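Hi,

Here is the structure I wanted to pass on to you. Have a look at it first, and then read my notes below.

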Amino acid sequence: MEFYMILALTAFAAAFIQGVSGFAFAVILLGVLPHFIDYIQAVGLVSLLAVIVVSVNAWTYRANVLWKLLLFNSAVILRKNGFEEVGL
């Protein structure tokens, strides 16, 4: 039970700092979690939680995204660098 409380408090603090500054979610969690669980498990857990936090931010700010510009720039980058360099 103690681990879950520490995880929840640390994740909340990391998500708050991520929301304010735009980064540091994984840095904060990976600074604390390896003291309680194996490092490999901590990386997996932090990756899953980071996807959730970033998805919430993306959904919140989706109205402010310039989709045409984003798609155009993505197409230019893929055309310039080639599809094989980005794994497509």
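Let me start with contacts, meaning heavy atoms within 4.5 Å. Of the contacts in the chain with a separation of 6 or more, 33% are between residues 24 or more positions apart.

A quick word on the source: this is a predicted model, where local features need pLDDT of at least 70 and side-chain atom pairs count only at pLDDT 80 or more, while totals for chains, interfaces and linings use all residues. Numbering runs from 1 along each chain as its sequence is written, and side-chain values use heavy atoms, with hydrogens and water left out.

As for the fold, the chain has four helices and zero strands (DSSP runs numbered from the N terminus: H or I of at least four residues for helices, E of at least two for strands). The radius of gyration, taken over C-alpha atoms, is 17 Å, well over the 12 Å that the globule rule (2.2 Å times the number of residues to the power 0.38) gives for 88 residues, so the chain is more spread out than a compact globule. Along the principal axes, its C-alpha atoms fill a box of roughly 50 × 30 × 20 Å.

Leu66 is exposed, at 59% relative accessible area. From Met1, Leu66 is 65 residues away in sequence and 44 Å away in space, C-alpha to C-alpha.

Cheers

Terms used
Buried < 20%, exposed > 50% of the residue type's maximum accessible area, 1.4 Å probe, protein only.
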